[in-house]
Amino acid sequence: MNHLIEALTKSGILKGDLDYRLIRSSMVIVFLLFGYQKWFEYEAQVLIPFISNGPLISWMYPAFGIRGASWLLGFTEWLFCLLLFWGFWNKKAGILGALGSCATFLATVSIIPFMPNGWDEVAGGFPAMTGNVPFLMKDVVLFAASFYLLKQDVVRALPSAEGSGTTNHLIKYLARILGGLGLLREGLEYHVLRASMVIIFAFFGYTKWHQYAAQVMFPFISHSPFLFWLYPAFGLRGGARFLGASEWPICALLFAGFWDKRFGVLGALGSTVTFLTTLTIIPFMPDGWDPAAGFPAMAGNVPFLVKDVVLLAVSVYLLKQDLVRVLLSNRNARTVSTLSTSNAFAKDMR
């Protein structure tokens, strides 16, 4: 374990705001790509089951129609994309982008309980995800990442908001609201992001033990440059079970990381490898870009995989945070050991 910690320390993962910038960049990419595809007819049709079953967005069809609702979502997502990108330099703009992002993924996550045929009946129903629910389940992490950016930007904007002005008053007012709700507690975003990743690995690991998921996994495994060997080695059902068997230990390690950061490091490392692997499937996925609209208009299974950009960034964040905590713990342990030795030596001298 010490050799692994030393190797990770030398990798440059501890450099500055690397994790913060990765999460912000990943959210910009997601809003850019998903906003783009909503300007096309094919995506307006894909969105029908999501919008019509969304308790917070179902009003859009009576108000704007099928195409109009899709265009409205595309406009708002590009607006949030711009604000999040601007947030690299201007934290006030970042706050607005993060608020919009939180609202976006709160709305999408709220669809899950109302999505028809979202739990496989043959597998016993909940928590065996099927249909559109796996696509929406990843938004749990995207919502957690949005909250992380909101808290980070509010905290970073506060020192510059001490003067007068409408914007400064709004930032201070927002900070008071978040503080009153306990959302500015130190380390809260770290625990929220960890919990969201535990949920993802628990649900997705569970689905892979069932026959229906083995069929769903076929295009992903067969077109993966790193996973294709699973079918010759284990067969269709065995390949899916192999992935389930690997995801649950990562889930357990991430969960154990709430208390022991050494387990957290191992879980975050496994999570990082997992989503690096899934992202490599995108260039090899057939029919991944709409033939009428072309790249970068995502289609088929590519939108599901693109969300892993954020999950990868969150995995790197957890890896860095746990590594820092392990190093601090080791340093404190050495300090205590040195002090104990010095006190014992002084006592012997007396």
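Me: In which hand does H10 pass H14, left-handed or right-handed?
Reply: This is a predicted model. The axes of H10 (residues 188–207) and H14 (residues 261–279) come within 12 Å. On the H10 side the contact is made by Tyr190, Arg194, Met197, Ile200 and Phe201, and on the H14 side by Lys261, Gly264, Ser271, Thr274 and Phe275. The crossing of H10 with H14 is left-handed.

Me: Are H10 and H14 oblique or roughly antiparallel to each other?
Reply: Their axes cross at roughly 55 degrees. Roughly parallel needs an angle under 35 degrees, and roughly perpendicular begins at 65. H10 and H14 are therefore oblique.

Me: How is H6 oriented relative to H8?
Reply: The axes of H6 (residues 91–109) and H8 (residues 139–157) come within 8 Å and cross at roughly 155 degrees. Angles over 145 degrees count as roughly antiparallel. H6 is therefore, relative to H8, roughly antiparallel.

Me: How many nonpolar residues are in the contact of H6 with H8?
Reply: Residues of H6 in this contact include Ile95, Leu99 and Phe105, and those of H8 include Phe143, Phe147 and Leu150. The contact also has four polar and four charged residues. The number of nonpolar residues is 15.

Me: Is Lys307 buried or exposed?
Reply: Lys307 sits in the loop between H15 (302–306) and H16 (308–349). Leaving aside residues up to four places away in sequence, Lys307 touches Phe34, Phe135, Lys138, Asp139 and Leu142. Its relative accessibility is 3%, and the limit for this class is under 20%, so Lys307 counts as buried.

Me: Which residue has its backbone oxygen 2.8 Å from a polar atom of the Lys307 side chain?
Reply: A polar contact requires N or O atoms within 3.5 Å. The 2.8 Å distance runs from the side chain of Lys307 to the backbone oxygen of Phe135.

Me: What is the relative accessibility of Asn117?
Reply: Asn117 lies in the loop between H6 and H7 and has a positive phi of about 55 degrees, although Asn117 is not a glycine. Exposed means over 50%. Asn117 counts as exposed, with a relative accessibility of 67%.

How values were computed: Residues are numbered from 1 along each chain as its sequence is written. This is a predicted model: local features need pLDDT of at least 70, side-chain atom pairs count only at pLDDT 80 or more; totals for chains, interfaces and linings use all residues. Side-chain values use heavy atoms; hydrogens and water are left out. Axes are lines fitted to C-alpha atoms, for helices over the stretch in contact, and angles run from 0 to 180 degrees between N-to-C directions. Helices (H or I, at least four residues) and strands (E, at least two) are DSSP runs, numbered from the N terminus. Angles under 35 degrees count as roughly parallel, over 145 as roughly antiparallel, 65 to 115 as roughly perpendicular and the rest as oblique. A crossing is left-handed if the near helix is turned anticlockwise from the far one by less than a right angle, and right-handed if clockwise. Contact means heavy atoms within 4.5 Å. Ala, Val, Leu, Ile, Met, Phe, Trp, Tyr, Cys and Pro count as nonpolar, Asp, Glu, Lys and Arg as charged, and the others, Gly among them, as polar. Buried means under 20% relative accessible area, exposed over 50%, partly exposed in between (1.4 Å probe, protein chains only). A polar contact is a pair of N or O atoms within 3.5 Å; within protein, one must be able to donate a hydrogen and the other to accept it, and residues adjacent in sequence count only if both atoms are side-chain atoms.
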